[in-house]
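Please open the model in your viewer and keep the selection panel at hand. The tour goes from one selection to the next and says what is found at each stop.

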Amino acid sequence: MPPIVRNKALAVGAGQWLEELPSLIADLERQWWITVGRTYEDATEAFVAEANCADGTPTVLKIIVPRSEDAADHEITALRLANGDGCVRVRLLRADEGRGALLLERLGRSLRDLAMPLARQHEILCATATRVWRPAPDCDLPTGADKGRWLVEFITTTWEELGHPCSLQAVDHALECAGRRIAAHDDERAVLVHGDVHEWNALEAGPGFKLVDPDGLLAEPEYDLGILMRENPVELMAGDPRDRASRLAARTNLDPIAIWEWGVVERVSTGLLCTKIALNPIGHDMLGAADQIARESRRARTAPA
């Protein structure tokens, strides 16, 4: 079990799940006629391992860390709704919602492993994410407003729990941005979004890429690009961070302000999560960027006209 996954399970109170995981894997091997092999050490949200079907078909077994927000149900729903466009649902071979288990098509290397320039990564991630976006009414996925409220609660409680690892100014800035995105939610405009678009979740699939590990939301599409605003925080702060939001907006014909605001919220929430599960230096770098952006935002608001 990768340490990050173990830490995530313990952080959400899933210690019993860790103890029972070997027997669960053995049960799935028998029921699904698979042989489980090498574990993926870079997983963060689930136990993920190579598996082979009885006929030799290479697959991936994923067992999601149980959490209260129905993560497994939402991921399975998102994969089915995407129907192969941009997501690994090309072959969702089997799923057991109750145990959070999925048997998936095995894909290639991640975009991160290919070490492409950041601008090229963003081109690929934008192009792949847009293939996921589509109307999906009445699918029972959480909305962007639901996710915004969840993020507000997570940021508030986790910041206190961890002893204030970033400034109050950064937290207040994130909560303000979350409030505006919650208020801006529009069911008529909302589409299926992936919810976690980054270079680790984009895998080679033939001549292109597919996104794996969807969170599954009905939200404004800018949410997905807000994820790209939180990633690579060191590179973000090397120049004007708003330039990235402008470039992503221009590439997708979306609202740069919404992209920016989701990025502010995700940067703080993910920085806190990474700190909580000891995923550093990325957590430290995200919170450091959040502190600096909040300071600059406050200076801009208080500067004389």
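Which strands does helix α2 (residues 15–32) lie across? Select α2 and you will find that it lies across β1, β2 (46–53), β3, β4 and β5, running at about 145 degrees to β3. Before going further, note that this is a predicted model, in which local features need pLDDT of at least 70 and side-chain atom pairs count only at pLDDT 80 or more, while totals for chains, interfaces and linings use all residues. Residues are numbered from 1 along each chain as its sequence is written, and side-chain values use heavy atoms, with hydrogens and water left out. Helices (H or I, at least four residues) and strands (E, at least two) are DSSP runs, numbered from the N terminus; axes are lines fitted to C-alpha atoms, for helices over the stretch in contact, and angles run from 0 to 180 degrees between N-to-C directions.

Next, select the five strands, which form an open sheet in the order β1-β2-β3-β5-β4 with antiparallel pairing, where two strands pair if DSSP finds at least two bridges between them. At the edges are β1 (34–39) and β4, each of which pairs on one side only. On average, neighbouring strands of this sheet are turned by 25 degrees against each other, direction ignored.

Strand β3 (residues 58–64) pairs with β5 over five antiparallel bridges; L61 has L103 as its bridge partner in β5, and K62 has L102. Strand β4 (residues 92–96) pairs with β5 over four antiparallel bridges, and here the bridge partner of R94 is again L103. In the hairpin of β4 and β5, with four residues between the strands, select G100, which takes a positive phi near 65 degrees.

Finally, select helices α6 (residues 168–184) and α11 (residues 282–302), which pack at an angle of about 75 degrees with their axes 8 Å apart. That angle makes α6 roughly perpendicular to α11, a term that covers 65 to 115 degrees. The contact (heavy atoms within 4.5 Å) includes Q169, A170, H173 and E176 of α6 and, among others, I293, R298 and R301 of α11.

Note on methods: Angles under 35 degrees count as roughly parallel, over 145 as roughly antiparallel, 65 to 115 as roughly perpendicular and the rest as oblique.
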